[in-house]
Amino acid sequence: MEAYARCGSGAALHDLWHRLPGGARAELLRRSAEADWWVLDALPGSWEALRPLVFSEAAYHRFGALAAGVLRCALLACRRRAGTAGELYRALHDHRDLRLLDPSQRLSAAALLRLARPDALLTGGTPWFVELNIGPNIYGVPGLEQRSAAFARGWRDGALAEPPSTLRARAACLAGAAPAAGGGRSRALVPTWRATSGIAAKLDDTRALRRYLRPAAAAAREAALDVCVADLSEVRGGADGLWVGDDRIDVVFNQFTSAVLADAGSVGVLRAAVLAGSVRLFVPEAACLLSAKQVLAWMHEDLDLYEPADRELILAHVPWTAWLGPGQSPELRRGVLERAAREQTGLVVKPSCGRGGAGFVAGHQVTAREWLGLLTRRSREHTLVLQRRVVPDRTRMHFRGRDGARKVAHVPSVVSPFLLDGRIAGAYVRHPGPEADPAVAPVNTAAGGVSNTVLLLPDTQR
């Protein structure tokens with residue numbers, strides 16, 4: 001039986017900060033308030049958290065096992081509908097321009113789940129996975145490990161431990177993505193790129209992007225890879241191989257999707273090499289398809305087709321989700337709309353392939369007429385998902401503003417474990433800022449959400 005079944009589908013994840021010694025808590029908050037921080041400046045905001053979430057080490061690893069189980073169930077749902085990435089792209093009615101997608105990529109490939117960061121909301125300590133976030137461009141905050149290390153140093157008795165390193169785990173996966181022939185060293189390209197959106201567009205400077213990618217390159221070297229750092233515009237070759245200067249590239253560390261790339265010529269060179277199999281992408285672009293929220297709806301459609309342990313996992317940790325969109329039969333469409341009307345105040349709607357909270361609407365915030373109007377109008381051309389609204393737990397969090405102001409607020413958290421080849425390593429936490437209304441919209445860093453991390457309390461210290 002899978003690890004998530006062994007540890008129980010009811011595994012709880014609670015913030016244990018309030019159970020720690022008061023003097024040590026006060027000292028960590030004082031040190032944090034006096035520190036010259038803001039290491040999470042890749043995603044600038046007005047506030048930063050002065051302490052981490054604190055989880056039991058055992059609960060943290062149970063959480064990772066649950067997340068890995070949910071991802072495996074998601075892939076099963078996709079494989080019931082498609083055998084290749086091209087077939088899945090059509091089944092999802094996906095309109096994204098994924099120029100590095102290999103349509104012949106088999107959905108049995110382990111690389112599809114190489115890197116994921118599913119988003120979970122905690123209710124009574126129970127994780128509910130509301131989005132899957134599978135693909136190459138989900139890391140985004142290299143300062144997380146610096147922040148968790150600083151928090152750990154600030155805890156005076158050393159009892160709180162950092163989670164496993166995401167950077168090192170990702171580098172190990174990168175080294176395994178393209179083993180060199182004959183036992184030699186593989187060469188990885190860590191590229192910079194010009195983009196129309198995403199982190200490269202936000203930084204808007206090649207040198208700044210190189211600094212941002214420096215931790216990834218350093219970790220790859222420590223994982224026994226030969227590393228080449230160069231802009232995609234310097235790459236040449238195609239079906240016969242990929243080169244930067246005289247160096248042949250084995251694997252590309254692609255922390256981007258092709259849809260954001262502004263250099264069409266470089267995309268063409270990279271695409272030819274990928275389709276010919278002469279170079280590997282660290283995360284194949286087919287993995288992005290599994291992030292579609294429609295996949296969560298398929299999981300609920302398929303409940304009777306899963307093994308009992310999988311069915312229990314989905315019911316206990318994936319909120320009810322259904323889809324509306326092109327290709328849907330009139331009968332199924334009518335049934336989903338009728339339920340949407342009956343249960344409006346308990347539902348939210350999102351685009352299946354949306355990002356950053358765009359297009360999110362909570363049923364309790366609009367009139368019945370507006371609700372059904374937007375569902376019917378938007379779903380004529382694009383797939384939407386309806387999802388049971390999850391009201392998350394709140395925890396008392398201390399914040400510091402850029403002007404030095406300090407505030408305390410009871411805020412919810414989005415807790416997102418990083419999974420590398422199915423194993424948890426690190427976590428990304430987001431809160432609304434202390435002045436935000438968390439009931440208005442999803443927590444998103446682009447809209448002012450505060451990035452945070454976790455520390456672990458070994459069970460011998462409980």
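Of the contacts in the chain with a separation of 6 or more, 73% are formed by residues 24 or more positions apart. These values describe a predicted model. The chain holds 13 helices and 22 strands. Its radius of gyration is 22 Å, close to the 23 Å that the globule rule gives for 462 residues, so the chain is as compact as a globular protein of that length. Along the principal axes, the C-alpha atoms occupy a box of roughly 60 × 60 × 45 Å.

The table collects values for the chain as a whole.

| Property of the chain | Value |
|---|---|
| Buried residues | 55% of the 462 residues |
| Accessible surface | about 19,400 Å² |
| Part of the accessible surface belonging to carbon and sulfur atoms | 49% |
| Positive side chains | 58 |
| Negative side chains | 46 |
| Distance between the centres of the two charge sets | 2 Å |

One residue may be examined in detail. Thr395 lies in strand β17, which spans residues 394–401. Is Thr395 buried or exposed? Its relative accessibility is 16%, and a residue under 20% counts as buried, so Thr395 is classed as buried. Which residues is Thr395 in contact with, leaving aside its neighbours within four places in sequence? Asp15, Arg51 and Leu53 are among them, and the list also includes Ala409, His410, Val411 and Ser413. Thr395 is thus a buried residue of strand β17.

How values were computed
Residues numbered from 1 in each chain as written. Predicted model: local features only at pLDDT ≥ 70, side-chain atom pairs only at ≥ 80, totals over all residues. Heavy atoms only, no water. Helix = DSSP H or I, 4+ residues; strand = E, 2+ residues; numbered from the N terminus. Rg over C-alpha atoms; globule rule 2.2 N^0.38 Å. Buried < 20%, exposed > 50% of the residue type's maximum accessible area, 1.4 Å probe, protein only. Contact = heavy atoms within 4.5 Å. Areas by Shrake-Rupley, 256 points an atom, 1.4 Å probe, with all protein chains shown as cover. Lys, Arg positive; Asp, Glu negative; His and termini not counted. Charge placed at Lys NZ, Arg CZ, Asp CG, Glu CD.
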